[in-house]
Amino acid sequence: MIYKRFYIVVILYLLGIIIFSLLFAFNFGKDLTYSIISLGGIIILTVSFGFWLNRTNKKLAFFFSSVRNEDTSLYFPEGIGFASEKLLNQSLNDLNSKLKEARINIELQEMFYKSIMDRIKTGIISFYKNGVVEFMNPEVKRMFGLDHISHINKLEAIDPRLVDLFEKIESGEQKRINIRVNHNLLSLAVHSQSILIQNREIKILTLQDIRSELDAHEMDSWQKLIRILNHEIMNSVAPITSLSSTLSGFYLSGSEQRSPELITKKIISDTIRGLGIIEHHGKGLIHFVESYRSFTQLPKPEFTRLNLSEFFERIMILVNSGFDSDNNKNEIRPLITSSVTPDDLTLVADDKLLAQVFINVVKNSIEAFGKCKEDDFISLSAGRDQDGRVVLTIKDNGPGMDSETLEKIFVPFFTTKETGSGIGVSLSRQIMRIHNGNITCDSAPGDGTTVTMHF
């Protein structure tokens, strides 16, 4: 509407000037009076048009200047001038009001985000490639005991390894570092993301002290481990103690040793059988201790670049050879498949240790099937996640696990099998930690089990 009114006023002014110009040309030299009137009309309309344009331009200039200077107090009177001028004033005031409202909303949003940054217990710091710090929240200052950090090199006074980690950590990576600040030990989980602003890369790091969480998890793990150790050892020691007491009773009468003439063949036979039982339980206890030793003393990894397609082929051959060597050649076996995307995907890992993880998990899947059906399957897959990390997955359509069992499967020596040692899955987690990765399990009764490894 405002543009239409503006064009109409301009056209009327120009039309008036053209009409008076024609009258002046027609009467020039013929009628002096009409010539003077026509000339006066041309001068008045031209001056008036110029004044009107100049006033409109000034208003627009004032308005844009106030926008540039973020001044929203400017107001144009809406009851003065032509209808087009009133409409222009009203439109400028409306636009100014909307800009003011938008600026207030932005300021409120900034205050909201600043309030979150000030109160959050996670440190956030962003810096450019040259190390100049763009932003940091108060938690970073509190964490490192510094009032201001203008450059990440300032953190060298705390620990040079911290600066090295900040510079080398890639976008999407998560690393952990232990540092000491003012005699306080911090265990920092550092996560990195990079963004581009005006063609300049900014690295954003989140820092979280997970020391208390690690202590709580460590205490919980120790309590679970001690309960299991206590259960396993007592299960072996209690029968040995009881049986030893019974056997000693064969040869003692009160506190006195029985005469050899009173020792019958039955007592000797029972003693031999009892000693055999003690030997069996003793060997079981030794086996348990050896299992614990193998869990705590993993060999040093030898990292090489693995072609995952070839790696899966070797795993499938190992698993199928296990079927052929057992006395179950005629039984139905689960279908084992593999897929790698892309086909030439590789991974830097210890071949033998990673194979041990896959054998442990696949063996558990096979044992969980019990008697296999024709539609049972185990699938091995490899690919990359959104952050570009390699992800390996083992999935089956077996009976699955309930939530209580799922919660305990990574606890050392926990097992649901009568002859199981309970260290296979725990050992797999240890191996994944050596690879700076993690292993998770998702399962539900009747829905199968999916084991996922992120590297």
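Modeller: Arg142 forms a salt bridge with Glu139, and their closest N and O atoms lie 2.5 Å apart; the term salt bridge stands for a side-chain nitrogen of Lys or Arg within 4 Å of a carboxyl oxygen of Asp or Glu. Because Arg142 and Glu139 are three residues apart in helix 4 (residues 138-144), about one helical turn separates them; helices here are DSSP runs of H or I with at least four residues, strands are runs of E with at least two, and both are numbered from the N terminus. Side chains of opposite charge can pair when their charged atoms come close. The structure holds eight salt bridges.

This is a predicted model, in which local features need pLDDT of at least 70, side-chain atom pairs count only at pLDDT 80 or more, and totals for chains, interfaces and linings use all residues. Residues are numbered from 1 along each chain as its sequence is written, and side-chain values use heavy atoms, with hydrogens and water left out. The protein averages a pLDDT (the predictor's confidence in each residue, from 0 to 100) of 79, and 82% of the residues score at least 70. Confidence is lowest in helix 6 (residues 211-251), with a mean of 69, and highest in strand 12 (residues 390-396), at 94.

Elsewhere, Leu353, Leu354, Gln356, Val357, Asn360 and Asn364 in helix 9 meet Gly424, Val425, Leu427, Ser428 and Ile431 in helix 11, where contact means heavy atoms within 4.5 Å.
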